[in-house]
Amino acid sequence: MSQSLTDEEIVRRTLADKDAFAEIIARYEAKLGRYLERLGVALPEDREDILQNAFIKAYRNLNSFDPSLPFSSWMYRIAHNEAMSFFRARRARPQVVLNEEGEALITELKDESADAAAHAELRLSREGLGRALATLDPRYRDALILRFFEDRSYAEMSDILEVPIGTVSTLIHRAKRALKSAMPEAFTP
Amino acid sequence: MTTQESSNPSPRAAFPGGRPRTGLAARILERIEGDRLKPRPRWEFVFKNYVFWTLGAIAVALGAFAFAAAVFEVQNAGWNLAAATHPDFLTFFLAVAPFLWVIALALFVVLGYANIRRTRRGYRYPLAVIALGAVLTSVALGSGLYAAGLGGEIEESLGTHLPFYRPILAEEHEWWLAPQKGLLGGTVLSLASSTRMFVLKDFSGRVWNVDTSDLRGNDLIVLSRGGTVRIVGVPTTATSSVFHACFVFPWKVVGLMHEEAPTPPLFVPASSTETATLPPRSEQCKGIAPYTRLRALDGDGF
């Protein structure tokens, strides 16, 4: 029964009965876990700690949720902020490991480089892409991950990263440029 | 009841028809119970949102105050007599440009932006939109305050309390209390037409006899109205009590809430045909530094 409820309805229920929050956790645990991994939180135990903190924070701040924006954006925002705090606290560099994902970004970069690369074959690999992503400015990396790995719209990214939509567009544009610079061998004809 | 619940009753359903407590959900809910955590009340967030909006609005309002004060300072800086009061335009500009108020306006706009940005949906507005909106609001409100005559009140009352700032009128009074440089400002007390002298009380309260022999058309009209005037004349010693006037200009402060009441005319100035017969000013007056500029300002052709 609970599966048919919207996130917003479950939020309302949780305010009356905390047990309803289990449904939110069940819905977002895997998604956010993958997102954290893509952000570069490599160890599963670290991801679980971050997830736990993110869900507790979400629960404590349920009344601040603005129903005019998607609940998933709000949840991603909290997870994103927790991950950033984690990196800051550990002074750790993200370890971006891409599995079978990243195709969307690779395709995008290939399409954009079609003219410049002429007939040369782009030597893009997931490993190379992961390494290059890890070297990017965190703001650029976050933008690319949300757009091409999490498939988020500009409006959702604006809500997650808490920046205007215009800034999202600028971030993606600059991030792609920075990524190409980080992988010169892949884009040299 | 879900199928999962009926087949395995041990992990109890989180809520009727809901998920059972397992894995991460169970650990989180146990922590919530163990630490007796509760969602923070809605009013806290509403209040916080209002606080940021209010702080943003206050910052913009203070920016408006700064703008009104800046306009007052610029309007009353005495630009037309800069050549008489300062050696060059740069010195004058540095003395009268409303740096303090412009910096204050910028600071309040930044504060306004920072606070509005922290409201619930503040992040959605681009920096340019918030900053421009804050500046335009401050300018519009500030213009209203200035038009209502509050610019002078703000500039004077805040300026008096700031240790590193002097209100523009106090600054100007000092410039026009320099008889040794040929600059004198004050209130016309009386006129003795027979002796071609008038009595003036300067801004420090000292009384001067001012020689009017070199005054022409417009100077006499200004003088006839009485009130506060500024006189450019022949430099004299600080101990002398007579000041030889070459030009007289009105001292009109604009942008005050309570404008100075007009004083009754001290005398009826001679008609233009009569003044046309007056000889040109003496060589003493022609020797003062910005003579040509002052003569053009005076507009009397002498």
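How are helix 4 of chain A and helix 8 of chain A oriented to each other? Before I answer, let me say that what we have here is a predicted model, in which local features need pLDDT of at least 70 and side-chain atom pairs count only at pLDDT 80 or more, while totals for chains, interfaces and linings use all residues. Residues are numbered from 1 along each chain as its sequence is written, chains are lettered from A and ligands numbered from 1 in the order in which they are written, and side-chain values use heavy atoms, with hydrogens and water left out.

Let me start with chain A as a whole. Chain A has 10 helices and 0 strands, where helices (H or I, at least four residues) and strands (E, at least two) are DSSP runs numbered from the N terminus. Of its 189 residues, 53% count as buried, and for that word the cut-offs are under 20% relative accessible area for buried, over 50% for exposed, and partly exposed in between, with a 1.4 Å probe and protein chains only. If we take the contacts in chain A with a separation of 6 or more, 67% of them are between residues 24 or more positions apart, a contact being heavy atoms within 4.5 Å.

Now back to the opening question. The axes of helix 4, residues 71–90, and helix 8 of chain A come within 8 Å and cross at roughly 45°; these axes are lines fitted to C-alpha atoms, for helices over the stretch in contact, and the angles run from 0 to 180 degrees between N-to-C directions. Helix 4 of chain A and helix 8 of chain A are therefore oblique to each other, since angles under 35 degrees count as roughly parallel, over 145 as roughly antiparallel, 65 to 115 as roughly perpendicular and the rest as oblique. The crossing of helix 4 with helix 8 in chain A is right-handed, and the rule is that a crossing is left-handed if the near helix is turned anticlockwise from the far one by less than a right angle, and right-handed if clockwise. On the helix 4 side the contact is made by A:Ser72, A:Ser73, A:Tyr76, A:Arg77 and A:His80, and on the helix 8 side by A:Glu156, A:Asp159, A:Ile160 and A:Leu161. By class, these residues divide into 3 nonpolar, 3 polar and 3 charged, where Ala, Val, Leu, Ile, Met, Phe, Trp, Tyr, Cys and Pro count as nonpolar, Asp, Glu, Lys and Arg as charged, and the others, Gly among them, as polar.

Helix 4 of chain A also packs with helix 2 (residues 21–39) of chain A, at an angle of about 45° and with the axes 10 Å apart. Helix 2 and helix 4 of chain A are therefore oblique to each other, and their crossing is right-handed. Among the residues that meet here are A:Tyr28 and A:Leu32 in helix 2 and A:Tyr76 and A:His80 in helix 4, and the contact has 13 nonpolar, 2 polar and 1 charged residues.

Please look next at the loops on either side of helix 8 in chain A. A:Asp151, in the loop between helix 7 (138–149) and helix 8 (154–161), has a positive phi of about 60° although it is not a glycine, and A:Asp151 is exposed, with a relative accessible area of 63%. A:Glu162, in the loop between helix 8 and helix 9 (165–182) of chain A, also has a positive phi, near 55°, but A:Glu162 is partly exposed, at 27%.

Finally, I turn to chain B and its aromatic rings. Over all chains there are 18 aromatic pairs, counted when ring centres of Phe, Tyr and Trp (its six-membered ring) lie within 6.5 Å, with planes under 30 degrees apart called stacked, over 60 edge-to-face and the rest tilted. The rings of B:Trp79 and B:Phe92 have centres 5.2 Å apart and planes at 80°, so this pair is edge-to-face. B:Trp79 is partly exposed at 34% relative accessibility, whereas B:Phe92 is buried at 0%. B:Phe92 also pairs with B:Trp175, with centres 6.1 Å apart and planes at 55°, so that pair is tilted. B:Trp79, B:Phe89, B:Phe92, B:Phe93, B:Phe99 and B:Trp175 form one aromatic cluster.
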